[in-house]
Every structure is written in C-alpha cells, then in structure tokens.
Amino acid sequence: FSKQGRAAGQAAGAMSRATAVQTAMLGTGLAVPLRTAVPPQALAPRFAVAPATARPDGSCRRAREATVVVLAGAALSQRPLRRRLRKRLARQAARVALQATGGNADSAAPAWGADDDLSMGISPEELVVPSGFRNRRTGILLLNIGTPASTSVEDVRSYLGRFLADDRVIDIKPPFLKYILLQILLATRPQSSAENYKRIWDPVRGSPLLYNSEDLAKALQHELGDNFLVRIGMAYSEPLVENALRSMAAVGVDDVLLVPMFPHYASSTTGSILANAYKTASEVFCTPFLRVLPPFYDNALYLDAMRAGIVKSIGVGGQEVDHVLFSFHGVPERQCMQTDDTQQTCLRKPDCCASVTRANRNCYRAQCFETARLLARTLELQDGKWSIGFQSRLTLRGTIQWIRPYTDEALGDLARKGVRKLAVLAPSFTADCVETLEELGIQGREQFEEAGGEELVVVPCLNSSPEWVQGLAAMVRDQLVVAVPRAAKAVEPKAAEPMAVEPPHEQEVAQEMEGTVEKVEKETLFEVLRTKLRGAPKQVEVNNR
C-alpha cells in the first residue's frame, strides 16, 4: 500500500513528503495520516489500513512489513490483499486528489457506500474477528457532591461532616483552626439545615438533587443507547462513586467518562469530586480508564439548553420581568486567587473578570461572569436589565471572605431600587436542590418581598429537560469521538462569503500532482482526472480553499 498511501495523503495535503508513511482510507473517501493520533472509534466503522505497532499515546509509527488491514473489525495480513486492493486504492487516491484541488467530484470513482460489498473476494476463513469487540461499552459517570439520606439531624450532620472535612471545600490553615471551626459548624448548622431540607423534601422520592439526577441518568441512557452505561456517583453520600465504578466493572465496562455536573470549575466542587473519583479508581485492582468532560460554562449546547428553559419562564428578552439576577454558588476568594498562576490578575484588578484570559482561565468567578454575559446575549437582555450575585456563603463571623457581590444583598437592593418583578437564575446548578428550591425559592422570596418587591420568579434548573438531555448527550459524544469539541462559542462568527474560483486545468493538476504522487499509477490517475475535468462546471463555490 505504500505508494498509493503516500499519494493519497500528499495529494490531500494531509502531510508532507517527509512524513507520508502510511494512510488510512476511510469510507468517506478521505485520507487520514496514521502517524497522527487517531481514536480507534474513528477508524472502526468502515475500512482502515493501520500499522500493527503503535505508541502508547495512540499514534502509529512506521511498520511497513507489519501492516495489517482492519475491515469491519476483522484483521488479516497484508499479503493476500495487496493485488486485490491496488486498483481500488488508486481510484480512491484520484478522488481525494481531485477533491483537494477544488474540482467536481460527483462523477469520480465512487466511494465505498453503506451497501457496497467490502469482502473484495476474501473468504471467511481468512478473517480473524476479535471476540467481544462489538460488545464493548463506555461508562458515563455523572458526578455530584451528594445529599443527606434523610431530613433527620443525625443524617444531615453525618453528610455535612464528610463534605466540610474535605480540604478542597474548607481550606483553612493551620489544621487545628479548621478543626475548631468544623466542630462549631457541626454543632450549630445541622439543625437549621435539616429544617431547610424538610421544606423541599419530596415525601415519596426524597432529595430533589437525587431524584433529579436519577431522572437525568435514565433519560441520558435512553438518548445514548446500549453502547453506553450511565450511572450516578456522589462523593459524600449514596450512591457512592466507588459503588458506581464497581458496578460498571462487574458488567465489563472499564472505559469511563467522568461528567462533573457543574458547568464551572471550582476546587470545592469539580476539583473535589474529581479528586475523589481519581482516588477511588486508584484503589481498585483493575483500575478503570478514566476521561473527563471539561467545564462547559461557555459551551453552546449548555447555553442553548439554558436559554430554552429561561424563555419558557420569562420570555425572550426577559419581557415578563423587570430584572434578571444570575445567582451563582459562592466560593471563598482564596480559591479563586489560587487559580491565577501569574498572581497578578485574579481579584487583584478591578476588571479581572471582564474576560477569560490565560491567567484566569480556571477562575470560578471569571467563568461565572462569562456565562452570565453569554446568557444575557443569547436571551437578548438589554444592558442594565441583568446583574450577578453569589449565594450560599458559609462562614463564621467573617473569618472567610467569599467572592462578591452577594445574592442576598442584591435581592434587597434591587427591590429598593424599584424592581417589582424579579427573575432569579442559577446557572451554576444543573439540578434543583436545597440551594435553589429553599435558599432562593423560599428565603430569597421572603427577603425580596420584605424589601418592597412584589414577585420573585425562580427559573427551574436544567434537571432532565429534553434540551439538556440532548445537549449533554452531544457533549459526551464529542468528548469520546474527537479531540476537539464540536460545540463552538455561544455566538457563531459570521461565515465567510463564498468566492468563485475557476476549476483547475488538466495541465496544472498534472504538474501539482507530479511533485507529490511519486510514480503512482499515473495512467490510471490521469485518466480519472481527465474524465473529471471534462464534466467540471465553469465555477465552483468554496468557503475555504
């Protein structure tokens, strides 16, 4: 395959002559250099030519004598296929070359279609099909912090004890000071927290966070299909991450994608649950192979799902309310400042969150501000009609400084400024929980009305809405199949105007090909090109040459 492989790759501009060693011919008619790291699932569906030796990172090195052919999941040696595939690969190389030069490819040698016979005369005895290959599944583990088992003070204290003991949640130094603060919190807070949980606890299904997560997992399983196994994993309550990983391993699922259910990165949320998952996986004898869905605070799929739910509650442009408040979960200032490796930007400049830069790319506050800006744009909110707040701060007499502005203060200020109907959104939560249903829906409404407001509209979280299920499924597929996510920015740039170009002349194509093809079946190749050029239109529209 070496001549045809080099020709196809070079003609398509996929690689230079120096690196043109082997290529994979896919059913789409494209040439992909196998020296590049290519996910196995990207090559499996149709037809591929792949070296038998590969580096640990998935990229392949030159192994001309050890080349094998993978055909619909089956492997066999190169020698029986060499003569059978020679002409077909040449025709495919011609098709790829012509497409790369901007010619019309409709009448070229046909690419392999879904109904084409790919056996090429190979007898079943020559094929070696790996057992179990087609039954391999990928695990999707939806990660969250957790929730109390019940509304009893004992269960709430047990949950808070595990949660607050995490150094990523409360990072007070020295340790004895944290121990003293933790004992004070566990002596006073469980009683009030238990009362808050009782206000929003479902008598049948229990914790809203848990049953909303279960509904999402069920819907996501249906959306993704049988090739995936979706489970829930909580860091500090049942169902635990450890049990979820073991249940996956019990049914043969070792490849797991971790999906933190927080759009923004914070050490106390995403960092905490990922650290817990890594530690848990490391303690299993057969450690699972883990991948992680990165923060999706600016992902168009997440923003579109948010917009769909918000518009149902307040209309386009927030026309049904006077003002929109984006309320995010708060974190200590120290956690944001530690993400700035330059130590010059985060909370050190007045406009540190005006945009996401290299210095604040992992700053929770900067990511929240970016989400608010993007949502305001996609919702068509006018300047001055929306603002930002941070809720759920946990401190004792000001011992810990939390990021500002505060949501509870903003509720009173907006009411005193004349806002009568206020909408509150919680973009940092993907599922309704005690922070959204009780803190905003009950306490927040009381604070707003006491300050002079008339109505507080709390927009539901994404939960298991169809838009969110479809969007999350698309993000999962993007993360597993390709290295670069499919979702772009929330507002797509204007597409470039198409330009008209003349089709290449036969002489120009021949000269361009001669420097890259290197003695590859020139009669066959040029014959196909001549046929193509005769039927080419006078002008071809292209967006990017």
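Does phenylalanine 369 count as buried or exposed? I looked it up, keeping in mind that this is a predicted model. Phenylalanine 369 has 17% relative accessibility, and the cut-off for buried is under 20%, so I put it down as buried.

**Entry: the partner of phenylalanine 369.** Next I checked the ring of phenylalanine 369, and it forms an aromatic pair with phenylalanine 390. The centres are 6.3 Å apart and the planes make 35 degrees, so I logged the pair as tilted, the class between stacked (under 30) and edge-to-face (over 60). Phenylalanine 369 sits in helix 11 (residues 364-378) and phenylalanine 390 in strand 11 (residues 386-391), so the pair ties together parts 21 residues apart in sequence. Phenylalanine 390 is buried too, at 1% relative accessibility.

**Entry: other rings.** How many aromatic pairs are there by this rule? I get nine. One I wrote out is tyrosine 302 with tryptophan 468: their ring centres are 6.3 Å apart and their planes stand at 75 degrees, so this pair is edge-to-face. It links distant parts of the chain, with tyrosine 302 in helix 9 (residues 300-314) and tryptophan 468 in helix 14 (residues 466-481), 166 residues apart. Tyrosine 302 is buried at a relative accessible area of 0%, and tryptophan 468 is buried with 0% relative accessibility. I also noted one aromatic cluster made of Tyr159, Phe163 and Tyr236. For a charge over a ring, I found arginine 393 over the face of tyrosine 406, 3.8 Å from the ring centre.

**Entry: serine 268.** I came across Phe163 again when I listed the contacts of serine 268. With neighbours within four places in sequence left aside, serine 268 touches Ile145, Phe163, Arg168, Val169, Val331 and Gln335. With glutamine 335 there is a side-chain polar contact of 3.4 Å. Serine 268 lies in helix 8 (residues 267-282) and counts as buried at 10% relative accessibility.

**Entry: cysteines.** My tally for the structure is zero disulfides. Cysteine 336 is buried, with a relative accessible area of 1%, whereas cysteine 286 is exposed at 56%.

**Entry: cis peptides.** The bond from glutamate 238 to proline 239 is cis, omega near -5 degrees, and proline 239 is in the loop between strand 7 (228-234) and helix 7 (241-250). The bond from arginine 404 to proline 405 is cis as well, with omega near 0 degrees. I located proline 405 in the loop between strand 11 and helix 12 (407-416).

**Entry: positive phi.** Which loop holds glutamine 343? It is the loop between helix 10 (333-338) and helix 11. Glutamine 343 is not a glycine, yet its phi is positive, near 55 degrees. At 42% relative accessibility I noted it as partly exposed. Glutamate 380 also has a positive phi without being a glycine, about 65 degrees. I placed glutamate 380 in the loop between helix 11 and strand 11, and it is exposed, with a relative accessible area of 53%.

Technical notes. Residues are numbered from 1 along each chain as its sequence is written. This is a predicted model: local features need pLDDT of at least 70, side-chain atom pairs count only at pLDDT 80 or more; totals for chains, interfaces and linings use all residues. Side-chain values use heavy atoms; hydrogens and water are left out. A disulfide is a pair of cysteine sulfur atoms within 2.5 Å. Buried means under 20% relative accessible area, exposed over 50%, partly exposed in between (1.4 Å probe, protein chains only). Rings of Phe, Tyr and Trp (its six-membered ring) pair if their centres lie within 6.5 Å; planes under 30 degrees apart count as stacked, over 60 as edge-to-face and the rest as tilted. Helices (H or I, at least four residues) and strands (E, at least two) are DSSP runs, numbered from the N terminus. A charge sits over a ring if NZ of Lys or CZ of Arg is within 6 Å of the ring centre and within 35 degrees of the ring normal. A polar contact is a pair of N or O atoms within 3.5 Å; within protein, one must be able to donate a hydrogen and the other to accept it, and residues adjacent in sequence count only if both atoms are side-chain atoms. Contact means heavy atoms within 4.5 Å.
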